[in-house]
Amino acid sequence: MKDINDLQDLLIHLVTQMRSAEVQSQEAIPQIIEKANHRSLKNALQHHHQQTGEQVKRLEKILRVLESDGNKETVCKGMQGLIQEATEIIGSPISKDAIDPAIIFSVQKMEHYEICSYGTAVAYAQQLHLHEVEQMLLETLNEEYDADDLLTALATSGYNKEAAPPDVEESNFEKEATVNNSGETTPSTTGKVVINERTIQSPGGRAGRSHRGYSSGESRGH
């Protein structure tokens, strides 16, 4: 690892780590998609997988702006561990009903890792007055928030009802969310969340419940 002497060096290190994290995610997600059962979950994962390629290019551009090529040999061990954990659980003896909830929580942990990292990077770029870098990082951060929102919608949907023990009341699960004309979601009755291209692309209306409370790279909680 290169010497870190100041905040800009630390930002370069963080961006290099996230480049590794996104490349690892890009390689791992197709295998995870293959394991998913429900089309809405596949749609959400496929959409974010497509975004990941653009995010890698954006990180490369940020490094050029910072006049650094980063360390190509850097391996983000945080993402490596999360992917290993996801691979282990979805590859374990697990029922068909439980596989989608397992995928959701595994991928959402990966998203939260990325949200934390990009949020911190945005804060550093702000402090360094690197406005172009800040805007590119913020664009990626918002994409990660959107992916997290979609997964939250699925995590609280009736998909989980299928994996619940028989004595758990149906009222503990949310009903189906369908997309209305404004792109927002409204409850229905069949216990699923419908995520399609319209849901994902609709400006101002996502399938999940946005926890975003900050205009910059600060954390949010559930």
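This report describes confidence, helices and side-chain pairing in a predicted model.

## Model and confidence

Residues are numbered from 1 along each chain as its sequence is written, and side-chain values use heavy atoms, with hydrogens and water left out. Because the model is predicted, local features need pLDDT of at least 70 and side-chain atom pairs count only at pLDDT 80 or more, while totals for chains, interfaces and linings use all residues.

The chain has a mean pLDDT (the predictor's confidence in each residue, from 0 to 100) of 80, and 70% of its residues reach 70 or more. Over residues 171-191 the pLDDT is below 50, and this stretch has 49 contacts (heavy atoms within 4.5 Å) beyond near neighbours in sequence.

Helices here are DSSP runs of H or I with at least four residues, and strands are runs of E with at least two, numbered from the N terminus. Helix H4 covers residues 96-127, which makes 32 residues. From first to last C-alpha, H4 reaches 48 Å, close to the 46 Å expected at 1.5 Å a residue; the expected span is 1.5 Å times one less than the number of residues. Just after H4, histidine 129 has a positive phi of about 60°.

Histidine 112 lies in H4. This residue counts as partly exposed because its relative accessibility is 30%; buried means under 20% relative accessible area, exposed over 50%, and partly exposed in between, with a 1.4 Å probe and protein chains only. The C-alpha atoms of histidine 112 and alanine 147 are 10.0 Å apart, although 35 residues separate them along the chain.

## Salt bridges

A salt bridge is a side-chain nitrogen of Lys or Arg within 4 Å of a carboxyl oxygen of Asp or Glu. The whole structure has 6 of them. One joins arginine 19 to glutamate 60, with the closest N and O atoms 3.2 Å apart. Arginine 19 is in helix H1 and glutamate 60 in helix H2 (residues 39-65), so the pair links parts of the chain 41 residues apart. Arginine 19 is buried, at 6% relative accessible area, whereas glutamate 60 is partly exposed, at 23%.

Glutamate 60 also forms a salt bridge with lysine 72, at 3.6 Å between the closest N and O atoms. Lysine 72 sits in the loop between H2 and helix H3 (77-90). Through shared partners, Arg19, Glu60 and Lys72 form one network.

Within H2, lysine 57 and glutamate 54 are 3 residues apart, so about one helical turn separates them. Their side chains meet in a salt bridge of 3.6 Å, N to O.
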